[in-house]
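The notes below are a short tour, grouped by topic.

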Amino acid sequence: MNIDTIQQRLLEEVADLHDVPEGAYNLRANGKSIGRNTTANIDIQSKPDGSGIDIRIKDGTTNESVHIPVVLSESGLKETVYNDFFIGENCDVLIVAGCGIDNCGNQDSQHNGIHRFYVGKNSRVRYVEKHYGSGDGSGKRILDPVTEVYQEEGSTVEMEMAQIKGVDSTERTTLAELKEGAKLVVRERLMTHGEQHALSVYKVCLNGDGSSADVVSRSVARDTSYQKFDACIVGNAACSGHTECDSIIMDSGRILAVPSLEANNIDAALVHEAAIGKIAGDQLIKLMTLGLTEAEAEEQIINGFLK
Amino acid sequence: MLELNNISFNIDDSDGKTEIIRDISLVVPDNKFVVITGPNGGGKSTLARLIAGIHPLSSGQIVFDGTDITDKSITERARMGIGFAFQQPVRFKGLTVLDLLRIASGSRISVSEACDYLSEVGLCAKEYIDREVNSSLSGGELKRIEIATILARDVKLAVFDEPEAGIDLWSFNNLIRIFEKMRQSSKNRTILVISHQERILNIADEIIVLADGKILKQGSRDAILPDIIGTQYASGVCSRME
């Protein structure tokens, strides 16, 4: 597999990959698949029209992982990729996605990953997605991911999504539909700086009795960046939902948080929380009394907050 | 040794200038356990914050171990060996007890070293080491973690601002034990506590009574305590709960 040092660095950032991953994987670089491995239980096939891949995981697959990182190091490349995950029943798997863009040129680079998850009964999926941008060109690094999750009875999906550095513009959409007893947990971490814009939209429909969702976003907006967090949980059954947006603003950063709840069933219990503010002066002073400079204290507080 | 030379601190408010600390001069010798007591609003906490560098002096001079630290920042004073425990410990979303102890010690101390500090303040290390220093911790737990950060720093001068504030009786008893232990430890450490708790005054080498921004009395425990016992300057633990 031929990857250059920039691509290697991007892979490390988005998927913690230092080497070829174990288990099933598909590595995509500059618009092409450059490496793929399937296992007895996990199959990866290119879609006939070339628009993406289908990942099929057999019933009862446990303790296996799928890595599907994407790296872009060519300036001016724009692509939309459809990745569909068909996860059987009674599985327990880890899926690691993520996209890193290095843009040293003056043309915009953009990757839109459309991920659809069909999660079978009683399966548990852990999904980790990191986005990262680097490069000092004037071309923008743009990521507009769409994640759709369809959960069957008793399934659990835990999503961890992080975008900490270097992505100029992002519009992230996550849609989920949950049947009876299904559970969705989302942990989103976002940091924007410079003039970046980030929009994160969630719509979670709790359609089955006993279903639950917990969507928590922690974000930091620095410099003149702007973020909008728009999370809606719809309770259509006897369900429980919680959404939380906790944000730190710095410099001239701006954040709009729009948590919303829609209860269409008398037994739906839904809660939302949102808090935005700058770093508390006492927190800085406390860490300074432990010997940190103000800048070091700020960094520790942010690192902890986004951990 | 800490020397305060003619220090004053004023704030400008709507009524004009208010003097919080008025021309105080004071020497805190090395390896002593000194307690500053006095009525609420008398300037005790402000004095502690002036020593830590949280507020700048309006006038006067602070000398620590022979160096004039009047214009030194909080960070510089901390690095010279001054520790400060807050009256209301600060909460952090995301920072764990281990993170905080590592920041305090200034190095990536091992988990077992961090656990030692927690054990010293009477916390079961295993249960706390990975806990976030957030609102899930009680006032008493936070207070003990706050003290553990001072222990982890191994400071020359530890300033505690009303360590008993906001904790229950059970935690208070533990707190006294921790102070007694610190007092007995052979470490080269000066402890300055702001408190009007009789039991803390009882283990002091020296007591300073501060009222209306001035020193009212100062001397050894035996000289001062009999005069103030039973007054608001040296109250029993239960009077606080009433």
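Which elements do the buried residues of helix 2 of chain A pack against? In this predicted model, they pack against helix 3 (294-305) of chain A, and also against helix 1 (44-52), helix 2, strand 6 (82-85) and helix 3 of chain B.

**Helix 2 of chain A**
- This helix covers residues 281-289, and seven of its nine residues are buried, so it is largely enclosed by the rest of the structure.
- The buried residues are Gln283(A), Leu284(A), Ile285(A), Lys286(A), Leu287(A), Met288(A) and Thr289(A).
- Just after the helix comes Gly291(A), whose phi is positive, at about 105°.

**Where the two chains meet**
- On the chain B side, 19 residues are in contact with 17 residues of chain A.
- Three helices of chain B, namely helix 2 (74-80), helix 3 (97-105) and helix 6 (139-153), each supply at least two residues of the side that touches chain A.
- Helix 2 of chain B gives the most to this side, with four residues.
- By type, the residues on this side of chain B are 11 nonpolar, four polar and four charged.

**Chain A as a whole**
- Looking at secondary structure, you will find three helices and 22 strands in chain A.
- Its radius of gyration is 20 Å, close to the 19 Å that the globule rule gives for 307 residues, so chain A is as compact as a globular protein of that length.
- Taken along the principal axes, the C-alpha atoms of chain A fill a box of roughly 55 × 55 × 35 Å.
- Of the 307 residues in this chain, 45% count as buried.
- Among contacts in chain A between residues at least 6 apart in sequence, 81% join residues that are at least 24 apart.

**A closer look at Gly23(A)**
- You can find Gly23(A) in the loop between helix 1 (5-15) and strand 1 (24-29) of chain A.
- Leaving aside residues up to four places away in sequence, Gly23(A) touches Thr39(A), Glu64(A), Ser65(A) and Val66(A).
- Gly23(A) and His67(A) are 44 residues apart along the chain, and their C-alpha atoms are separated by 8.0 Å.

Definitions and conventions:
Residues numbered from 1 in each chain as written. Chains lettered and ligands numbered in written order. Predicted model: local features only at pLDDT ≥ 70, side-chain atom pairs only at ≥ 80, totals over all residues. Contact = placed C-beta atoms within 7 Å. Nonpolar A, V, L, I, M, F, W, Y, C, P; charged D, E, K, R; others polar. Rg over C-alpha atoms; globule rule 2.2 N^0.38 Å. Buried ≥ 20, exposed ≤ 12 C-beta atoms within 10 Å, placed from the backbone.
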